Amino acid sequence: MLEKIAKLIFIDENKELIISSFFAFAVRILGALSAFLATFFIAKFLGAEESGYYFLAFSVVTVLAVFSGVGLENTVLRYIGSDSAYSASVFQKSLIIVLVVSSLSAGGIYFASYHVATVIFSKPALYPVLQAMSVGVIGLAVLTVASMALQGLRRIPMSIWILNISVNLFLVACVYSADVSLATYLASAYSVSAMLTAIFGVVLFWYFKPRIVGSFVSWKAVFSSCMPLWVVAIMTQLAQWSGQFFAGIYVESDLVALLAVAQRTAMLSSFVLVAVNLVVAPQFAALYRQGDMLSLEILAIKSVKLISVLALPLIGMMLIFPSFIMSMFGSEYVAGVPLLRILAIGQFVNAITGSVGFLLMMSGYERDMRNLMIISGCFALSLTWLLTANYGIIGAAVSTAVVVAAQNLMAVYFVKKRLGFNTLAVWR
């Protein structure tokens, strides 16, 4: 095994991927660290009950922001990653669409927050938190598209800063320096931070976009690409956050906080996958556009090997030392140990399957990804509702892990069917 790992790292033909991925990995560490610090300080200073309200409101805002993105983040990445001449045209159209839809979504949740809090979640204290965080829908939707556009331009550190670091550092500063102890105040801070980061991301893109007169992308082409991806994006978020949604309905706020902290901790391992994706996703798009299927397969297999080598030790720590990890957030979070173990198993499958979702989307098989995510999204909602209603917070964790594993394994099947290779067969 050690010889295979050494071969993977030191072969000359792997060096470009390894160097680029480790550079992205180093920057992504900062992103993962900032996310972990944000979760840590929120859980530590707000306490389980207030943290539960904040994390539940954040889940709602996240899903609404993804809905408002209309699937354009992957369309932007695909077009700009394959040819930067498309940059200005595709980004301008995407930004207009996202601003319109996200503004409507933000207004909708602002005025409906009382009914969402009291009727759906039966938690009146959630109402002001949702209302304060509603503007964050606009900021999160715009900064996501800006981040993907920067990724397409190969501006990896800036992309990660916009998507993963800026908002989290702002929240940490607010909690630590302003002694914030109420979820409502922190929700307001999130909205401000998300909007400022979105503006900064847009400015960065326009500064770094190619100066030459670019190729024109029609509105029809943009919508043709993004509409299947829109369904994919929404279903992905439902699959990821349905556990917290149903937990918010069936269990108390402090138990929602346990699940949120455990899930965010388990997802630390996924930063390796994201780091590699930042490098390979634009390359997937370019290789497929050139018709170089052999190089596409080689790159995909190499990326899976690299992800496995880097992510599995982190997942192992979560399985072996969960009590120590959860105790860092406070003694009341130690009860979430079984949740962390369950969710880490789901992330294990996520790691060993590799960048299968990006492979499909960057290769033009958005509709396959759409169908896959419709199936897994419906499966997530039904399974999570069933298990959470009957088994409480443990059921929510189990369903989340099962759905993550199932959707990745289905994507492996579609990659094999459409592209002709199996990303799981990497150690042959």
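What share of the contacts in the chain with a separation of 6 or more is accounted for by residues 24 or more positions apart? The share is 83%, where contact means heavy atoms within 4.5 Å. The structure is a predicted model, in which local features need pLDDT of at least 70, side-chain atom pairs count only at pLDDT 80 or more, and totals for chains, interfaces and linings use all residues. Residues are numbered from 1 along each chain as its sequence is written, and side-chain values use heavy atoms, with hydrogens and water left out.

**Overall composition**
- The chain has 16 helices and zero strands; these are DSSP runs numbered from the N terminus, helices being H or I of at least four residues and strands E of at least two.
- Of the 428 residues in the chain, 59% are buried, that is, under 20% relative accessible area, with exposed over 50% and partly exposed in between (1.4 Å probe, protein chains only).

**Nonpolar cores**
- The largest nonpolar core contains 136 residues, and Y54, L126, Y190, F284 and Y333 touch the most other members; such a core is a set of buried Ala, Val, Leu, Ile, Met, Phe, Trp, Tyr and Cys residues joined through side-chain atoms within 4.5 Å.
- Helix α2 (residues 15–69) provides the largest share of this core, 18 residues.
- Another core, of five residues, lies apart from it and includes A239, A380, L383 and V403.
- Beyond its neighbours within four places in sequence, Y333 is in contact with A43, G47, A48, S51, A257, L258, V261 and M326.

**Packing of α9 and α10**
- The axes of helix α9 (residues 219–250) and helix α10 (residues 253–266) come within 9 Å and cross at roughly 170°; axes are lines fitted to C-alpha atoms, for helices over the stretch in contact, and angles run from 0 to 180 degrees between N-to-C directions.
- The two helices are therefore roughly antiparallel to each other, a term for angles over 145 degrees.
- On the α9 side, Q240, W241, G243, Q244, A247 and G248 meet V256, L259, A260, Q263 and R264 of α10.
- The residues of this contact divide into five nonpolar, five polar and one charged.

**Individual residues**
- S191, in helix α8 (residues 183–208), is buried at a relative accessible area of 5%.
- Leaving aside neighbours within four places in sequence, S191 is in contact with A132, M133, S134, V135 and G136.
- R370 lies in helix α16 (residues 366–419) and counts as partly exposed, at 25% relative accessibility.
- R370 and P228 are 142 residues apart in sequence, yet 5.5 Å apart in space, C-alpha to C-alpha.
- With neighbours within four places in sequence set aside, R370 is in contact with P228, V231 and V232.

Technical notes. Angles under 35 degrees count as roughly parallel, over 145 as roughly antiparallel, 65 to 115 as roughly perpendicular and the rest as oblique. Ala, Val, Leu, Ile, Met, Phe, Trp, Tyr, Cys and Pro count as nonpolar, Asp, Glu, Lys and Arg as charged, and the others, Gly among them, as polar.
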